[in-house]
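Hi there,

Here is the structure I promised to pass on. Please have a look at it, and then read my notes below.

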Amino acid sequence: MLRNGGVVPGGMLAEALGIQDLYLADIVFPKEFEVAQQRADPRFLAWPTIRVFPDASLLHERKILIVSCAWGTGRCMSTLRNRVSGADGTPYTCVLHYNQQSNLFKEEKPDFFAAVTDAWIVYPGKWKKGKT
């Protein structure tokens, strides 16, 4: 699950499904890229940097559920999905909110989602005053 947006929904899913092994991933984007510019010209697409991720040996030949609060542009989830696949794991993605309109990868979408929205949703505790 993603460190910020996936902890609460990931924990709830783990409890409901009886999942014992939980791993955290931490991912960040270069700040110099603007989302609007990236949507206007996909050549400016920035890939996130993975700062924390489980060792490949923990993912090898296992089904991995990647959980976050939202799927916006799709870069985070696609990056993590590819990392799990690269470790010979089978990735599945799950989010609370899926924004089809901001998704940069028209052939990809979350495997599981609670709602489709075009709204910008601010989750409690995710954004701190004065931070972007």
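Cys-94 stands opposite Phe-112, a residue in β5. That strand is joined by 4 bridges to β4, which spans residues 90-98, and the two run parallel. Please keep in mind that this is a predicted model.

Zooming out, these strands belong to an open sheet of 3 strands, in the order β3-β4-β5, and the pairing is parallel. At the edges you will find β3 (63-71) and β5 (112-116), each of which pairs on one side only. On average, neighbouring strands of the sheet are turned by 20° against each other, direction ignored.

Two helices that pack on this sheet are worth a look. Helix α1 (residues 7-17) touches β3 and β4, and its direction makes about 140° with that of β3. Helix α4 (residues 75-86) also touches β3 and β4, with its direction at about 175° to that of β3.

I then looked at α1 in more detail. Which of its residues are buried? Among them are Pro-9, Gly-10 and Ala-14. They lie on the same side of α1, because they cover an arc of only 135° around the axis. After α1 comes Gly-18, which has a positive phi, near 70°.

How values were computed: Residues are numbered from 1 along each chain as its sequence is written. This is a predicted model: local features need pLDDT of at least 70, side-chain atom pairs count only at pLDDT 80 or more; totals for chains, interfaces and linings use all residues. Side-chain values use heavy atoms; hydrogens and water are left out. Two strands pair if DSSP finds at least two bridges between them. Axes are lines fitted to C-alpha atoms, for helices over the stretch in contact, and angles run from 0 to 180 degrees between N-to-C directions. Contact means heavy atoms within 4.5 Å. Buried means under 20% relative accessible area, exposed over 50%, partly exposed in between (1.4 Å probe, protein chains only). The arc is that of the directions from the helix axis to the C-beta atoms.
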